[in-house]
Amino acid sequence: MKPFACFAASACTSILIAVSAACGQAQQPASAAPARSVEQPTLLVFITIDQMRADYFQRFGPQFQGGLRRLGAGSAFFSNAHQDHGITETAPGHASTMSGRFPRSTGIIENAAGVNDSRYPLVLGSGTGASPMRFQGTVLFDWMHAAHPDSRALSVSRKDRGAILPLGRAKQSIFWYAPSGEGFTTSTWYADTLPTWVTRFNKEQPSTQYAGTVWNLLLPESSYPEPDSVPAESRGRNFLFPHGLPADSAQAARVLPAVPWMDQYTLNFALEGLQAMKLGAGEHTDLLAISLSTTDAIGHQYGPDSREIHDQLLRLDRFLGAFIDSLYTLRDSSRIIFALTGDHGVSSFPEVAAARRGGHGAYVDAMWDSASAVLQRAVNAGLDTLAFEFDAPYLILHRERFAGTKVNPDSLARSFIAAVRVVDGVQRADLWSDLQKADTTHDKIARRWQHMFPPSFPATVIVTLAPNSYWGHGSAQHGIPQDSDTNVPVLFYGGPFKPGHYTEFVRVVDMAPTLAAVLGVKPGEPLDGRVLRDALR
């Protein structure tokens with residue numbers, strides 16, 4: 001990797017990260033959880049790692065030396081935790097992290113209907129505008145602020161939805177990376193101009209500094225059991241190490257999200273904001289929410305079984321270790337608590353799952369032909385094409401448009417189900433009305449669909465793919481209600497928590513009520529989650 005200079009305004013924040021993480025140097029193993037504090041925490045750091053599967057701690061943990069090792073070993077760690085809903089995408093997952101509620105209650109049911117909002121353009125850079133206008137209800141920070149109006153929050157991410165949705169509709173300091181590469185930005189829903197400290201950071205630590213950087217393996221090649229020659233990865237192109245960023249600075253800034261240093265850049269920015277806003281320096285608890293998105297970018301391109309994802313997790317571990325060390329030089333460690341989770345997991349490439357694990361998966365391209373054939377017959381019988389919508393994974397039939405035709409909507413739904421059930425890669429297809437009546441104790445798929453949509457959702461049929469099956473070819477995928485996509489880590493670290501490895505089934509929606517109990521604040525509405533009392537001292 002080409003070394004690069006650190007330009008942070010606060011040397012104690014960025015130099016530590018640059019020295020111990022950016023240059024790939026291993027940290028010494030960190031100590032276990034800090035001693036229990038009887039004082040109220042002054043800072044909650046909530047970390048969401050985009051596309052973080054729970055089994056990554058088991059697979060790569062022996063090689064962790066930094067923040068993931070510290071947090072994993074010294075925390076109340078729940079390995080059987082789930083984003084327990086049907087469409088396991090970034091927006092629904094982030095909306096559940098600090099709301100304590102499933103997508104059926106937050107109103108965020110898919111990325112396409114997440115935070116994108118052209119009415120609120122970016123303050124810096126070009127790209128889609130964004131706002132939390134679709135989000136419904138409250139989040140942990142709202143409860144904190146209601147109890148202590150001087151509490152403040154900063155939320156940062158590479159993605160707009162990763163920065164916005166953990167804070168719901170709160171108009172706090174929320175920033176994300178401009179897709180056009182100029183640095184961190186926000187939208188006019190939050191402010192008309194960037195704060196001075198953000199402008200300074202973008203100038204002093206420009207994203208263009210990574211131009212020409214080469215991504216090589218952090219450890220010797222023998223440390224990676226994964227083969228580096230899997231044609232399914234990266235669409236069959238450029239799937240061998242090393243991987244380089246373009247020498248052109250503007251182009252490098254645009255593709256920075258696809259390499260590990262995007263996470264380091266985000267953590268540098270979070271520390272700069274912590275200092276500028278004096279988070280954690282007051283009497284009451286402040287919130288620093290950080291969503292790290294590079295694992296998702298690399299996971300999509302190379303898959304969860306790749307050498308690239310292995311190396312990314314090792315580097316993220318070092319970046320987080322340096323971040324925590326820097327944070328502890330700035331604030332009293334005994335009054336900081338951490339929570340960490342993932343917004344979703346990811347499925348293996350079907351051919352990789354079959355070759356390495358003896359499993360089966362499929363690309364369901366053929367389903368489009370089967371579904372189209374059924375719907376086309378209805379059109380040939382006189383049905384208007386506006387009478388139906390198929391947006392995987394659900395079919396919506398607009399019954400009012402069937403009037404005056406010879407097509408029966410119930411018969412069409414049954415024919416659709418029969419056609420797609422036999423497609424390789426489809427596990428089941430159900431009427432939404434049947435799923436709502438299913439036994440959710442024994443049928444986890446039905447339970448996850450119930451958690452996904454409100455009862456009034458207009459779907460007629462919902463299609464569920466089998467494990468390690470994808471909607472079409474391309475990059476590695478997530479988004480289905482299978483454990484590979486729902487199982488994420490949940491951990492709590494700091495004085496109020498009882499370290500240990502917990503294997504009982506829990507949900508990400510349990511995190512907000514647990515943290516509310518620790519902070520002594522009252523949720524603003526009924527929650528889907530519960531307090532994980534086993535995690536508390």
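Predicted model: local features only at pLDDT ≥ 70, side-chain atom pairs only at ≥ 80, totals over all residues.
1. Residues are numbered from 1 along each chain as its sequence is written, and side-chain values use heavy atoms, with hydrogens and water left out. Helices (H or I, at least four residues) and strands (E, at least two) are DSSP runs, numbered from the N terminus.

2. Back to the charges. The structure holds 24 salt bridges. One of them joins the side chains of arginine 104 and aspartate 528, at 3.1 Å from N to O. Arginine 104 is in helix 5 (residues 103–106) and aspartate 528 in the segment after helix 19 (511–519), so this pair ties together parts 424 residues apart in sequence. Arginine 104 counts as partly exposed, at 30% relative accessibility.

3. Another salt bridge brings together the side chains of arginine 307 and glutamate 221, again listed at 3.1 Å, N to O. This pair links distant parts of the chain, 86 residues apart: arginine 307 belongs to helix 12, and glutamate 221 to the loop between strand 6 (214–215) and strand 7 (243–244). Is arginine 307 buried or exposed? It counts as buried, at 7% relative accessibility, whereas glutamate 221 counts as exposed, at 52%.

4. Now the nonpolar side. The largest nonpolar core has 70 residues, and Phe323 and Phe338 touch the most other members (such a core is a set of buried Ala, Val, Leu, Ile, Met, Phe, Trp, Tyr and Cys residues joined through side-chain atoms within 4.5 Å). Helix 12 (residues 307–330) gives the most to this core, with 10 residues. Leaving aside residues up to four places away in sequence, phenylalanine 338 touches a list of residues including Val45, Leu71, Phe323, Leu491 and Phe497 (contact means heavy atoms within 4.5 Å). A second, separate core of 49 residues includes Phe78, Ala91, Phe141 and Val490.

5. Have a look at strand 14 (residues 487–493) as well: seven of its seven residues are buried. Asn487, Pro489, Leu491 and Tyr493 point one way, and Val488, Val490 and Phe492 the other. Strand 2 (residues 76–82) pairs with strand 14 in the antiparallel sense over five bridges (two strands pair if DSSP finds at least two bridges between them), with valine 488 as the bridge partner of alanine 81. Strand 9 (residues 336–342) also pairs with strand 14 in the antiparallel sense, over four bridges, and there threonine 341 has valine 490 as its bridge partner.

6. Finally, what does serine 469 touch, not counting residues up to four places away in sequence? Its contacts are Gly361, Ala362, Gly425 and Ile480. Serine 469 is in the loop between strand 13 (461–465) and helix 18 (483–486), and it is buried, with a relative accessible area of 4%.

Conventions
Buried < 20%, exposed > 50% of the residue type's maximum accessible area, 1.4 Å probe, protein only. Salt bridge = Lys/Arg side-chain N within 4 Å of Asp/Glu carboxyl O.
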